[in-house]
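Take a look at the chain below.

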Amino acid sequence: MAGRSVIDSLTEGFASLLFGKVETTRPPVRTSSSQAQAVYLPTAAPGLGDSGVIIGREVYSGKGYIYDPFQLYGQQLPAPHWLVLGESGNGKSALEKTYVLRQLRFKDRQVVVLDAQGEDGVGEWHLIAQSLGVTPVRLDPHGARGGIRLNPLDPAITSTGQLALLRTIVEVAQGRPLDERAGYALKSAHLRVGEAAARYARQPILSDVVEALRTPVTSAAEDMNVTIEDVQAWGLDVALVLDRLVDGDLAGMFDGPTTQGIDLDSPLIVFDLSAIDRNSIGMPILMAIVGVWLEHTWLRPDRVKRILLVEEAWHIINSPFVAQLFQRLLKFGRRLGLSFVAVVHHLSDVVDGAAAKEAAAILKMASTRTVYMQKADEARTTGKVLGLPRWAVEIIPSLTPGIAVWDVNGDVQVVKHIVTEHERPLVFTDRAMTESSADWAEAASLAASEAEEAAMLREREAQPMLPAPAPAPAHRAIASGNQSPAGRDRPEVRPLDADGDDELTAIAGMLFGKKAELPYRAAPIMPPREAEEDGEDWDDR
């Protein structure tokens, strides 16, 4: 107490009597920064919940990132639709495919994919469809290679829907709205064809409409107080456009009754559009017909959650006529549990085009936006259109493959997508650039061997009275030039069965601990070291 006055001592004693003992001043503590960090507890923004599909992990916090529009709808999402953007080769395709594969692990999910990308003569979703035992619905001009037909006048589509679809086809082909006179000629021809089909109990087809436009009836002219020649002239251009789908360069896909046997109850339906020139008017016409046909045949009020994923969606967004059809589909489908996923490269391709108004309406309905790497100018355009925060726009040009900016109704995170070893061969989309001719020859030889074995099994099954011989061991023809390079293993594409759950269980264990489980069954958790090896290195898919 040396150096303190009597007054200070009396003051302190009086204060202690009135207010209790006063805490003494503590001397400062010297420590290292590594030890002092315990004082500042780690913090991170809240996630989207723990129910849904595992996407990967947040880059900044390291937390697992889970997304499911059906779980978030109504609480965090005003609409279940999703827009995916980015330059080629940065992971859009891998994200779409793993998302679909993981969604299909839930029992109440159905997915339709409009596959406009081609690889090795088939759509790029061919491997995934094959692994699930699904045959893609291949739409091919002139009916080549087992093509399938979709009838724009299918009785499953309402009469109003048929007429709207016919108008859209003509408007897309002409690049302008249908004028009133041509619209009247088309309506009269469609009405006449529908009445004739009902009278003879058969399905109307496009060639019937073309013929009705070429040879209008007297009643159509009398209703407008004009001559038959006038009505014929009004419908001539319309007939010429529709004739392209009947006997022109787009023949073989829509000029007949709808092919029977399309399984609308399959968990996955893939429309293979890869045979169509992506830069021709055939692609938006095709997407319009498929979209309307799905609206009237696939969407049902049965509580099933459905996903419609469209590759090269700029064909929809960039056409005002097709965009109007899909805008109605999205509004109608949302009430029936539909989530629309649109995949495009650049927003600048559509926001400044003829369909800017319609494109803005569709973009507004997409409450989830995922943006992969883009160039600086494109990133600024994307950020302005989507309303991204400045920090997100600045990092988009520097994103590496597999990492994207996710904006879920204003909740913006940077997320690293994780691809498992089981999924890797299914989402691989650049085999032509990475496989050698020896790999291709080996795959062809193996496919021929498997086909031979399948034929032998069918032959044996056709003779049930004979004892079944022991199954022949799997073999592979070995010839000069088709051996795999030394030290290189070709990944096997396996069916997605219960054994594949171990891959996602590994991710779940890595992200959320040993208590994490996949939907419907628990699976053993892989050791953390092995789990990290499965997910930490991401290839450019």
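**Two crossing helices**

In this predicted model, start with helix α6 (residues 159-174) and helix α11 (residues 236-247). Their axes come within 10 Å and cross at roughly 95 degrees. Angles of 65 to 115 degrees count as roughly perpendicular. Helices α6 and α11 are therefore roughly perpendicular to each other.

Which residues make the contact? On α6 they are L166, I169, V170, A173 and Q174. On α11 they are D237, V238, V241, L242 and L245. Sort the residues of this contact by type, and you get 8 nonpolar, 1 polar and 1 charged.

Stay on helix α6 for a moment and find R167. Is R167 buried, partly exposed or exposed? Its relative accessible area is 29%. Buried means under 20%, and exposed means over 50%. R167 falls in between, so it is partly exposed. Leaving aside residues up to four places away in sequence, R167 touches L178, G183 and L186. Take G183 as one example. R167 and G183 are 16 residues apart in sequence, yet their C-alpha atoms are 7.5 Å apart in space.

Now move along to helix α16 (residues 356-365). Its buried residues are E358, A359, I362, L363 and M365. Look down the axis of α16: these buried residues fall within an arc of 160 degrees, so they line one face of the helix. What sits on the face turned away from that buried side? There you find the exposed residues K357 and K364.

Next come two loops. Most residues other than glycine have a negative phi. A201 has a positive one, near 55 degrees. A201 sits in the loop between α7 (180-200) and α8 (206-214). With 72% relative accessibility, A201 counts as exposed.

R303 also has a positive phi, near 70 degrees, and is not a glycine. Its loop runs between α12 (282-297) and β9 (305-310). R303 counts as exposed, at 75% relative accessibility.

Finally, step back to the whole chain. How many helices and strands does the chain have? There are 23 helices and 13 strands. Of the 541 residues, 48% are buried. The chain exposes about 27,700 Å², and carbon and sulfur atoms supply 54% of that area. Now consider contacts with a separation of 6 or more: residues 24 or more positions apart account for 74% of them.

How values were computed: Residues are numbered from 1 along each chain as its sequence is written. This is a predicted model: local features need pLDDT of at least 70, side-chain atom pairs count only at pLDDT 80 or more; totals for chains, interfaces and linings use all residues. Side-chain values use heavy atoms; hydrogens and water are left out. Helices (H or I, at least four residues) and strands (E, at least two) are DSSP runs, numbered from the N terminus. Buried means under 20% relative accessible area, exposed over 50%, partly exposed in between (1.4 Å probe, protein chains only). Contact means heavy atoms within 4.5 Å. Accessible areas come from the Shrake-Rupley method with a 1.4 Å probe; for residues, only the protein chains shown count as cover. Axes are lines fitted to C-alpha atoms, for helices over the stretch in contact, and angles run from 0 to 180 degrees between N-to-C directions. Angles under 35 degrees count as roughly parallel, over 145 as roughly antiparallel, 65 to 115 as roughly perpendicular and the rest as oblique. Ala, Val, Leu, Ile, Met, Phe, Trp, Tyr, Cys and Pro count as nonpolar, Asp, Glu, Lys and Arg as charged, and the others, Gly among them, as polar. The arc is that of the directions from the helix axis to the C-beta atoms.
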